[in-house]
Amino acid sequence: MHIQNKNMNRDNICDFIQEHQYDDDKDSVLIDSQETAFIGYIRTEEGMSAVYSYSKIIDNLMSDNMTYEEANEYFYFNVSGSYVGDKTPIWCFDNCLINQN
C-alpha cells in the first residue's frame with residue numbers, strides 16, 4: 001500500500017494515483033468531498049483502488065452537523081454500501097478515536 005500525506009486536494013490525489021498506475025490501469029474511483037480522508041491506494045487484481053480512513057470520513061460527516069449515529073448510518077448506507085465497479089474504494093477501519101458527541 002502506498003500512503004500519502006493528508007493535505008491533498010482532488011487533483012493532487014488523482015495525480016498521485018496516476019503517477020503509480022500501470023499503463024493499462026483504469027482510473028480509480030474517488031469519494032466526493034472526502035479528500036482529507038484519503039490515506040493512499042492499494043493494488044488489486046483489477047488495478048488501483050483508493051483507500052480512505054473510516055474515522056476521518058465519520059469526523060468529516062460530523063463536521064457537517066451530523067451526529068455520530070447519523071454519520072455512521074450514512075457511511076454504511078451511502079459510502080461503504082455503494083459498489084461502483086472494480087475500482088470501488090477500500091475503507092480502512094483505523095484506530096483513530098472518534099468523538100461520538
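Glu46 is found in the loop between strand E2 (38-44) and strand E3 (47-53). The model described here is predicted.

**The loop between E2 and E3**

- E2 and E3 form a hairpin, and two residues stand between these strands.
- Glu46, located in the loop that links E2 to E3, counts as partly exposed because its relative accessibility is 40%.
- Glu46 and Gly85 are 39 residues apart along the chain, and their C-alpha atoms are separated by 9.8 Å.

**Strand pairing**

- E2 and E3 run antiparallel and are joined by six bridges.
- Within this pairing, Phe38 has Tyr52 of E3 as its bridge partner.
- E3 is also joined to strand E4 (residues 90-92), here by three bridges, and these two strands run parallel.
- In the pairing with E4, Val51 has Ile90 as its bridge partner.

**Residues with positive phi**

- Ser33 is a residue other than glycine, yet its phi is positive, near 60 degrees.
- The place of Ser33 is in the loop between helix H1 (10-20) and E2.
- Ser33 counts as exposed because its relative accessibility is 61%, a value that exceeds the cut-off of over 50% for this class.
- Asn65, again a residue other than glycine, has a positive phi near 70 degrees.
- The loop between helix H2 (54-63) and helix H3 (68-79) contains Asn65.
- Asn65 is exposed because its relative accessible area is 72%.

**Asn60 in helix H2**

- Asn60 lies in helix H2.
- Asn60 counts as buried because its relative accessibility is 12%, and the class of buried residues requires a value under 20%.
- When residues up to four places away in sequence are not counted, Asn60 touches Gln34, Thr36 and Ala37.

Methods:
Residues numbered from 1 in each chain as written. Predicted model: local features only at pLDDT ≥ 70, side-chain atom pairs only at ≥ 80, totals over all residues. Heavy atoms only, no water. Helix = DSSP H or I, 4+ residues; strand = E, 2+ residues; numbered from the N terminus. Buried < 20%, exposed > 50% of the residue type's maximum accessible area, 1.4 Å probe, protein only. Pairing = 2+ DSSP bridges. Contact = heavy atoms within 4.5 Å.
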